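Please consult the sequence and the structure shown here.

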Amino acid sequence: MPTESTFLLFALFMVAAAAGWAYARFLDRRDRDSQEDEPPLSQGYLRGLNLLLDDETDKALEMFVRMIATDDEALDTHFALGSLFRRRGELDRAIRIHQNILARPDLSSVQRHTALFALGEDYLRAGLMDRAESLFRQVAEQAEDPEPALGRLVGILESLGEWEQAIIVRHELEKVSGERQDVPVAHYYCELAERALGNGESRVARGWLKKAQRARRALPRGAILRARLAEHEGDSALAWRLLSEVVRGSPALLPEVLPDLHRLASRREDLAGLDALLRPLLTTREAPGVAYAAITCDLLDPPVLEEALIGLLTGDDTLASLVDAPALAQASGEARRQLLERMSGGLRRLVHRGPRYQCGSCGHRSQRMSWQCPGCRSWDTTRAAATLPLDTVLETSPRQ
Ligand SMILES: [Zn+2]
């Protein structure tokens with residue numbers, strides 16, 4: 001967050017830049033032996049800067065805006081001033097500066113696109129999405145390098161939930177940048193499918209999900225949604241198969257699908273099938289994730305979940321001391337079951353207090369699973385923590 005001092009620093013920088021420029025201009029003029037008696041433009045800057053330093057920002061702005069119309073050589077400085085106002089949250093002033101730059105009739109096409117983009121940024125920051133969208137579209141169509149404008153457009157369309165438009169822009173972005181856009185495009189189709197499912201339009205949802213699959217074959221979210229659709233239409237076998245594939249391909253998503261798998265297995269009276277699906281994970285580094293899923297989903301059946309939980313509680317020294325591992329080792333039968341349920345319940349309450357999910361790209365932590373990271377806006381990078389996030393639980397626990 002820029003502070004008043006950074007603003008003053010920038011102002012001083014401008015004084016230095018303006019003074020240097022004025023000196024160069026003076027030398028140039030002397031060399032040419034010009035008789036012009038027009039005052040150097042830097043005086044306008046200095047007056048504007050004095051007003052800024054005296055906190056008379058509006059008067060300073062008037063002065064800079066008047067200079068925009070006449071001052072050829074300091075256009076970059078005006079851009080810098082506009083972006084500084086934006087960063088300070090003074091959006092009306094930033095907009096004024098950029099609109100005045102655009103009003104100049106002699107701008108080169110690069111300068112014009114830079115000004116349109118900057119004004120788009122001002123509107124974006126001000127929450128005027130329609131205006132920002134229209135400016136970024138203009139730059140994307142006309143500029144030699146449309147990639148930054150396409151990137152901004154995608155962000156706007158995502159925030160508005162305009163998924164079909166966003167798909168078109170992603171395809172353009174792929175052409176321009178050469179970078180594959182299949183992951184976000186497939187997620188946009190999933191967003192459309194979820195919306196259709198929410199409206200009870202199964203046929204429409206199926207169409208979007210096929211497109212998602214065509215965009216990117218291995219997409220766990222697509223499989224989860226197809227499983228939901230299959231279960232809704234009474235095809236439990238297909239739902240089971242799809243969710244099993246999700247667990248085998250992306251074990252970190254187990255907390256998202258375990259309740260569905262458990263429900264399907266219970267309905268078929270086949271908890272042994274769920275046991276057989278999860279058991280191979282116990283001998284891999286995914287074992288703590290199985291225990292974590294058992295804790296967060298409040299499930300201890302089939303036996304593989306109980307075993308994973310015991311492995312977690314006794315395998316970690318800190319946890320073992322917290323949960324009284326010796327008592328657990330001595331207990332048996334119903335007493336042991338009750339003890340495990342109590343420990344699992346306590347850990348669940350702790351875990352639910354803090355962020356349980358983390359983005360693998362930017363590290364953003366959150367309490368809810370989101371397919372798009374709220375921090376860096378990447379798709380499919382957030383997963384449940386594979387270990388109990390006791391550090392953050394302790395950080396966020398209210399003091400007793
Ligand atoms: Zn992120």
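Helix α6 (residues 109-125) packs with helix α8 (residues 147-160) at an angle of about 20°, the axes lying 11 Å apart. The model is predicted: local features need pLDDT of at least 70, side-chain atom pairs count only at pLDDT 80 or more, and totals for chains, interfaces and linings use all residues. Residues are numbered from 1 along each chain as its sequence is written, and side-chain values use heavy atoms, with hydrogens and water left out.

**Helix packing**
- Axes are lines fitted to C-alpha atoms, for helices over the stretch in contact, and angles run from 0 to 180 degrees between N-to-C directions.
- Helices α6 and α8 are therefore roughly parallel (angles under 35 degrees).
- The α6 and α8 crossing is left-handed (the near helix is turned anticlockwise from the far one by less than a right angle).
- Helices (H or I, at least four residues) and strands (E, at least two) are DSSP runs, numbered from the N terminus.

**Zinc site**
- Cys-359, Cys-362, Cys-373 and Cys-376 coordinate the zinc ion through SG at 2.3 Å (donors are N, O and S atoms within 2.8 Å of the metal, or 3.2 Å for Na, K and Ca).
- The donors follow the spacing C-x2-C-x10-C-x2-C.
- The 4 donor atoms subtend angles of 104 to 112°, so the arrangement is tetrahedral (all angles between 85 and 135 degrees).

**Strands**
- An open sheet of 3 strands has the order β2-β1-β3 with antiparallel pairing (two strands pair if DSSP finds at least two bridges between them).
- The edge strands, β2 (365-366) and β3 (382-384), each pair on one side only.
- Tyr-357 stands opposite Ser-366 in β2.

Definitions and conventions:
Four donors count as tetrahedral if all angles lie between 85 and 135 degrees; four count as square planar and six as octahedral if opposite donors are over 155 degrees apart and all others between 65 and 115; anything else is irregular. Angles under 35 degrees count as roughly parallel, over 145 as roughly antiparallel, 65 to 115 as roughly perpendicular and the rest as oblique.
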